[in-house]
Amino acid sequence: AIGRYYLLFTAAYSVIRLVLKGKQDIPLILSTTPRYAMVMFYTSTAVMKRMFDVDYIAMFNGSTLVAYLTFVPMAFVGFFVIDTLNKAVLAPCFDESAPKKD
């Protein structure tokens, strides 16, 4: 079920990108973020199963969609934490005023 949504968001991304003529905007983010969450979901469930013998989807009576919907808030928290760490830890390491190399 989630694979269909992934394809839908992928198609939407292409159309939005065409309409926006390459500019970054909210609709583009809204078509990209769910796809990242889907990839994180499948990666995380595979790691949990392989390393910890935890079947995350089975916890929701085998409903992949329900399992995914419970995972999405955790994915957004992960995005927020990573973004915050990037800004706090990594950003000061790069001098934005330095001349760009071609």
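## Helices, contacts and loop residues

Author: The model is predicted. The protein holds 3 helices and 0 strands.

Reader: What radius of gyration does the protein have, against that of a compact globule of 102 residues?
Author: The C-alpha atoms fill a box of roughly 55 × 35 × 20 Å along the principal axes. A compact globule of 102 residues would come out near 13 Å. The radius of gyration of the protein is 18 Å.

Reader: What share of the residues in the protein is buried?
Author: Buried means under 20% relative accessible area. Among the 102 residues, the share that is buried is 20%.

Reader: Are H1 and H2 roughly parallel or roughly antiparallel?
Author: H1 spans residues 2-20 and H2 spans residues 26-52. Their axes come within 9 Å and cross at roughly 150 degrees. Angles over 145 degrees count as roughly antiparallel. So H1 and H2 are roughly antiparallel.

Reader: Is the crossing of H1 and H2 left-handed or right-handed, and how do the residues of the contact divide?
Author: The crossing is left-handed. H1 contributes residues including Tyr6, Phe9 and Tyr13, and H2 contributes residues including Leu28, Arg35 and Met38. The residues of this contact divide into 16 nonpolar, 3 polar and 2 charged.

Reader: Is Arg35 buried or exposed?
Author: Arg35 sits in helix H2. Leaving out residues up to four places away in sequence, Arg35 touches Tyr6, Phe9, Thr10 and Tyr13. Its relative accessible area is 13%. The cut-off is under 20%, so Arg35 is buried.

Reader: What is the phi of Asp53, and is Asp53 buried or exposed?
Author: Most residues other than glycine have a negative phi. Asp53 is not a glycine, yet has a positive phi of about 55 degrees. Asp53 is in the loop between H2 and helix H3 (64-90). With a relative accessible area of 59%, Asp53 is exposed.

Reader: Where does Asn61 lie, and what is its relative accessibility?
Author: Asn61 is a residue other than glycine with a positive phi, near 55 degrees. Asn61 lies in the loop between H2 and H3. Asn61 counts as exposed, because its relative accessibility is 79%.

Reader: What part of the contacts with a separation of 6 or more comes from residues 24 or more positions apart?
Author: The count takes in contacts in the protein with a separation of 6 or more. Of these, residues 24 or more positions apart account for 48%.

Methods
Residues are numbered from 1 along each chain as its sequence is written. This is a predicted model: local features need pLDDT of at least 70, side-chain atom pairs count only at pLDDT 80 or more; totals for chains, interfaces and linings use all residues. Side-chain values use heavy atoms; hydrogens and water are left out. Axes are lines fitted to C-alpha atoms, for helices over the stretch in contact, and angles run from 0 to 180 degrees between N-to-C directions. Helices (H or I, at least four residues) and strands (E, at least two) are DSSP runs, numbered from the N terminus. Angles under 35 degrees count as roughly parallel, over 145 as roughly antiparallel, 65 to 115 as roughly perpendicular and the rest as oblique. A crossing is left-handed if the near helix is turned anticlockwise from the far one by less than a right angle, and right-handed if clockwise. Contact means heavy atoms within 4.5 Å. Ala, Val, Leu, Ile, Met, Phe, Trp, Tyr, Cys and Pro count as nonpolar, Asp, Glu, Lys and Arg as charged, and the others, Gly among them, as polar. The radius of gyration is taken over C-alpha atoms; the globule rule is 2.2 Å times the number of residues to the power 0.38. Buried means under 20% relative accessible area, exposed over 50%, partly exposed in between (1.4 Å probe, protein chains only).
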